Amino acid sequence: MGSFGRLFFKEKQIKAFLALASSQQEWNISNLAKLTGITYVHLSRFINECEKAGLIESDKHGRIKGIRLTQKGAEVASHISSIENMINILKTRIGEVFLT
């Protein structure tokens, strides 16, 4: 199993990953951590693992590390978004069944 197989996405990690996908801007770990509520250290580790898997690329600008999705990362984000949408539709439909 490649490095991608070891990644495990939790809710906040998904939020961070989708935030990267939803904007063409270059993020830094500090801003993304504030947006998602993930600690800087935890998010930094997740970003490093995503870099190893080829999902995220980064550039150092002085002390700030800019991060953005690679093409592969954008494809994964698209799949995650689709799955999230399907789950929300199912939750709505299940709720409708139990409410009627």
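Helices α1 (11-22) and α4 each contribute at least two residues to the lining of the largest pocket. In this predicted model, the largest share of that lining, six residues, is supplied by α4. The residues that line the largest pocket are Phe9, Lys10, Glu11, Ile14, Lys15, Ile80, Ile83, Glu84, Ile87, Asn88 and Lys91. The space within the largest pocket amounts to about 220 Å³.

The overall architecture of the protein chain comprises four helices and three strands, which follow one another from the N terminus in the order α-β-α-α-β-β-α. Along the principal axes, the C-alpha atoms occupy a box of roughly 60 × 30 × 25 Å. The chain has 100 residues, of which 32% are classed as buried. The mean pLDDT of the protein chain is 86, and 90% of the residues reach a score of at least 70. When the elements are considered separately, the highest mean pLDDT (94) belongs to helix α3 (residues 40-52), and the lowest (86) to helix α4 (residues 71-99).

Helix α4 also carries isoleucine 94. With a relative accessible area of 47%, isoleucine 94 is partly exposed. Together with Leu90, Val97 and Phe98, Ile94 forms a nonpolar patch on the surface, and the accessible area of these residues together is about 460 Å².

Leucine 69 is located in strand β3 (residues 64-69). Because its relative accessibility is 14%, below the 20% limit, leucine 69 counts as buried. The C-alpha atoms of leucine 69 and glutamate 96 are separated by 37 Å in space, and the two residues are 27 positions apart in sequence. Valine 41, by contrast, is found in helix α3 and is partly exposed, at a relative accessible area of 47%. Between valine 41 and serine 30 the C-alpha to C-alpha distance is 9.6 Å, with a sequence separation of eleven residues.

Side chains of opposite charge can pair when their charged atoms come close. Five salt bridges are present in the structure. One of them joins the side chains of lysine 52 and glutamate 49, with an N to O distance of 3.4 Å. Lysine 52 and glutamate 49 are separated by about one helical turn, because they stand three residues apart in helix α3.

Through shared partners, salt bridges unite Glu26, Glu57, Asp59 and Arg68 in one network.

How values were computed. Residues numbered from 1 in each chain as written. Predicted model: local features only at pLDDT ≥ 70, side-chain atom pairs only at ≥ 80, totals over all residues. Heavy atoms only, no water. pLDDT = per-residue confidence, 0-100. Patch = residues over 30% accessible without salt bridge, like charges linked within 9 Å, V, L, I, M, F, W, Y side chains within 5 Å. Areas by Shrake-Rupley, 256 points an atom, 1.4 Å probe, with all protein chains shown as cover. Salt bridge = Lys/Arg side-chain N within 4 Å of Asp/Glu carboxyl O. Buried < 20%, exposed > 50% of the residue type's maximum accessible area, 1.4 Å probe, protein only. 1 Å grid on protein atoms, 1.4 Å probe; cavity = no way out; pocket = protein on both sides within 12 Å on 5 of 7 lines; lining within 4 Å. Points joined across faces, edges and corners; volume = space filled by probe spheres on them.
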